[in-house]
Amino acid sequence: MYAIVEIAGKQFKVVQDQKIFVNRLQSEEGSEVSFDTVMLKDNDGNVTVGKPYIEGANVKATVIKHLKGKKVLVFRKIRRKGFQTLNGHRDYLTQIKIDSIN
């Protein structure tokens, strides 16, 4: 059984007991969150597709921890002009564990 859920503006394919990294959520560590924006649900071959979301379906998850992602380097260069810049950033992430798909 799996579902496709929209979490913080991005779509994720989730399975029960799976751990995933999503954009930073405003929940405390150890708290339980629920997502009702389920777009697709597959229950052993019985597929349900929402328009755009499935009514009454939700995914419950537990927030494990908040962290920062790996550093991403952004390098720009204009050839033959001597121009180059190097910038970087680290995304703020939240690790969650999927508890149930209803």
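The points below go through the strands, core, loops and ring contacts of a predicted model.

1. Basis of the values. In this predicted model, local features need pLDDT of at least 70 and side-chain atom pairs count only at pLDDT 80 or more, while totals for chains, interfaces and linings use all residues. Residues are numbered from 1 along each chain as its sequence is written, and side-chain values use heavy atoms, with hydrogens and water left out.

2. The open sheet. Four strands make up an open antiparallel sheet, in the order β3-β10-β7-β4. Strands here are DSSP runs of E with at least two residues, numbered from the N terminus, and two strands pair if DSSP finds at least two bridges between them. At the edges stand β3 (19–23) and β4 (32–35), each of which pairs on one side only. From one strand to the next the twist averages 45°; the axes behind such angles are lines fitted to C-alpha atoms, and angles run from 0 to 180 degrees between N-to-C directions.

3. Pairing within the sheet. β3 and β10 (residues 92–101) run antiparallel and are joined by five bridges; N23 has L93 in β10 as its bridge partner. β7 and β10 pair over nine bridges, also in the antiparallel sense, and here K65 is partnered by Q95 of β10. Between β4 and β7 there are four bridges, again antiparallel, with S34 opposite K60 in β7.

4. Q95. This residue is in strand β10. Is Q95 buried or exposed? Its relative accessible area is 12%, so Q95 is buried; the classes are buried under 20%, exposed over 50% and partly exposed in between, with a 1.4 Å probe and protein chains only. Leaving aside residues up to four places away in sequence, Q95 touches K19, I20, F21, T62, V63, I64, K65 and L67, where contact means heavy atoms within 4.5 Å.

5. E32. On edge strand β4, E32 counts as exposed because its relative accessibility is 55%. Its contacts, not counting residues up to four places away in sequence, are K60, A61, T62 and D99. E32 and I64 are 32 residues apart in sequence, and their C-alpha atoms are 9.5 Å apart in space.

6. The nonpolar core. The largest nonpolar core has 19 residues, and V5, I7, V14, I20, F35, I96 and I98 touch the most other members. Such a core is a set of buried Ala, Val, Leu, Ile, Met, Phe, Trp, Tyr and Cys residues joined through side-chain atoms within 4.5 Å. At least two residues of this core come from each of β1 (2–7), β2 (10–15), β3, β4, β7 (59–68) and β10. I98 touches V14, V15, Q16, D17, Q18, I20, V59, K60 and A61, residues up to four places away in sequence not being counted.

7. The β8–β9 hairpin. Seven bridges connect β8 (residues 72–78) and β9 (residues 83–89), which run antiparallel; V74 is opposite N87 in β9. The two strands form a hairpin with four residues between them. In the loop between β8 and β9, R80 has a positive phi near 65° although R80 is a residue other than glycine. R80 has a relative accessible area of 69% and is therefore exposed. F83, in strand β9, is partly exposed because its relative accessible area is 31%.

8. Backbone points to check. D17 is not a glycine, yet its phi is positive, at about 65°. D17 sits in the loop between β2 and β3 and, at 52% relative accessibility, counts as exposed. Which residues are joined by a cis peptide bond? They are K51 and P52, with omega about -5°; P52 is in the loop between β6 (46–49) and β7.

9. Rings. K13 lies over the face of Y2, at 4.4 Å from the ring centre. The rule for a charge over a ring is NZ of Lys or CZ of Arg within 6 Å of the ring centre and within 35 degrees of the ring normal. How many aromatic pairs are there? The count is zero, with rings of Phe, Tyr and Trp (its six-membered ring) pairing if their centres lie within 6.5 Å; planes under 30 degrees apart count as stacked, over 60 as edge-to-face and the rest as tilted.
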